Amino acid sequence: MTKMRIAVIGAGVSGLSSIKCCLEEGLEPVCFERTSDIGGLWRFQENPEEGRASIYKSVIINTSKEMMCFSDYPIPDDFPNFMHNSQIMEYYRMYAKKFDLLKYIRFKTIVHSVKKRPDFATSGKWDIVTESNGKQEVNVFDGVMVCTGHHTNAHLPLECFPGIEKFKGQYLHSRDYKDSQRFAGKRVIVIGIGNSGGDLAVEISHTAKQVFLSTRRGAWILNRVGDNGYPFDVIFYSRFKYFFSKFLSLSAKNSFLEKKMNARFDHEMYGLKPMHRALSQHPTVNDDLPNRIISGRVRVKGNVKEFTETAAIFEDGTREDNIDAVIFATGYSFDFPFLEDSVKVVKNKTSLYRKVFPPNLEKPTLAIIGLIQPLGAIMPISELQGRWATQVFKVHFTDEQTELNDSGFQEPI
């Protein structure tokens, strides 16, 4: 029986687990990675690479090793509960070596297009155009797993900040931030209070003269250390609590979580209390932000109304002069330009059946893996999505082979 060939695009965490899922189902994976190494988001580089996510040197993951590891390869006992990005990369390298995944990856290979074949309505096959060392190549694949993530394209909404074009200081997106030394002795505004915004405000406050953290809506702040010193996600995401939560209303669950978070520090007193409830939006995980606020090293401000050459004017009418730098921690946008019309992204959203399969295709031979923002670790989710996708591919391929056999075109399987 001919093996079904699957193109895996991207060799980050979702790509690595997808290669392994293909092998477990007897499929033949070929992974295309545009850079020279695995790791995707978690591989630190001093200079951001085009088409790849970029992190800062100090990044520590927000999910514990107990909750983020792959199902069949536990993270070593001597690794900390919350790992530095270098340790995450070490784990991924161990995983790739253990299951011999590297030989299926074609590094420094860019995917230019993924197009339906003329007979796609019956075969479900794809023509994929790639480029390596200046040479283009076209290959036919039975299925495609897109594992490119959603932290690649910086979302920099400068149009929302009048006057930024005349601001004489420097401004940049958090994607371009690497360490705090360049901001030593300066007055810095960080715009956005997601995980990146909170981390950068805390880190820069150790070297800057003053940091201002600008937020439109505030945020609920979670601490990595939970009750009795255990990782917070191990405590929150137990089976018992999941079972118990079924008997509570959404309002009751929100009230419980908000009370827990306010017990650490009163969000309203610190200027961070959001208008939304705890479960309405993604929380921010940060251990040190309240300490930096109470010590005056970080000052919380509202949304910036406009910039002048040297100042920022906020919506509450206050003004901060002599601003040296502005960092926009305003998130990311994603798209799939190589997929053309197979997957449409509108306002940073796309419609996928069960967060995996484009519903408009005649055949289920294209899967998007890891395009999800969970309350927890992405790794186990990517693994489960990969298992499901490869099983769907296999069923489709088996049915197709059966039809061909019944028509007398191929040998019996």
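**Figure 1. Lys57 and its salt-bridge partner Glu46.** At a relative accessibility of 39%, Lys57 counts as partly exposed in this predicted model. The residue forms a salt bridge with Glu46, in which the closest N and O atoms are 3.4 Å apart. Glu46 and Lys57 both lie in the loop between strand 2 (28-32) and helix 2, so that the pair ties together parts that are 11 residues apart in sequence. Glu46 is likewise partly exposed, its relative accessible area being 44%.

**Figure 2. The salt bridge between Lys125 and Asp142.** Here the closest N and O atoms of Lys125 and Asp142 are 2.3 Å apart. Lys125 belongs to the loop between helix 4 (120-123) and strand 5 (126-132), whereas Asp142 belongs to the loop between strand 6 (135-141) and strand 7 (143-146), so the contact ties together parts that are 17 residues apart in sequence. Asp142 counts as buried, because its relative accessibility is 9% and the cut-off for burial is under 20%.

Figure 3. The side chains of Lys168 and Glu309 meet at 3.5 Å, N to O. Lys168 comes from the loop between strand 8 (153-154) and strand 9 (170-173), and Glu309 from the loop between strand 15 (304-307) and strand 16, so this pair ties together parts that are 141 residues apart in sequence. Lys168 is exposed, with a relative accessible area of 62%, while Glu309, at 40%, is partly exposed.

Figure 4. The elements that give two or more residues to the lining are helix 2 (65-68), helix 7 (239-245), helix 8 (250-264) and helix 10 (379-407). Sorted by class, the lining of this pocket has 20 nonpolar, 7 polar and 5 charged residues.

Figure 5. With a relative accessible area of 36%, Tyr237 is partly exposed, and together with Leu250, Leu279 and Leu375 it forms a nonpolar patch on the surface, the four residues having about 360 Å² of accessible area together.

**Figure 6. Tyr332 in strand 19 and its separation from Leu156.** Tyr332 has its place in strand 19 (residues 332-333) and is buried, with a relative accessible area of 18%. Although Tyr332 and Leu156 are 176 residues apart along the chain, their C-alpha atoms are separated by 8.1 Å.

**Figure 7. Thr318 in the loop between strands 16 and 17****.** Thr318 is found between strand 16 (312-314) and strand 17 (319-320), where it is partly exposed, with a relative accessible area of 29%. The C-alpha atom of Thr318 is separated by 63 Å from that of Met4, a residue 314 positions away along the chain.

Definitions and conventions:
Residues are numbered from 1 along each chain as its sequence is written. This is a predicted model: local features need pLDDT of at least 70, side-chain atom pairs count only at pLDDT 80 or more; totals for chains, interfaces and linings use all residues. Side-chain values use heavy atoms; hydrogens and water are left out. Helices (H or I, at least four residues) and strands (E, at least two) are DSSP runs, numbered from the N terminus. Ala, Val, Leu, Ile, Met, Phe, Trp, Tyr, Cys and Pro count as nonpolar, Asp, Glu, Lys and Arg as charged, and the others, Gly among them, as polar. Patches are made of residues with over 30% relative accessible area and no salt bridge: like charges are joined within 9 Å, nonpolar side chains (Val, Leu, Ile, Met, Phe, Trp, Tyr) within 5 Å. Accessible areas come from the Shrake-Rupley method with a 1.4 Å probe; for residues, only the protein chains shown count as cover. Buried means under 20% relative accessible area, exposed over 50%, partly exposed in between (1.4 Å probe, protein chains only).
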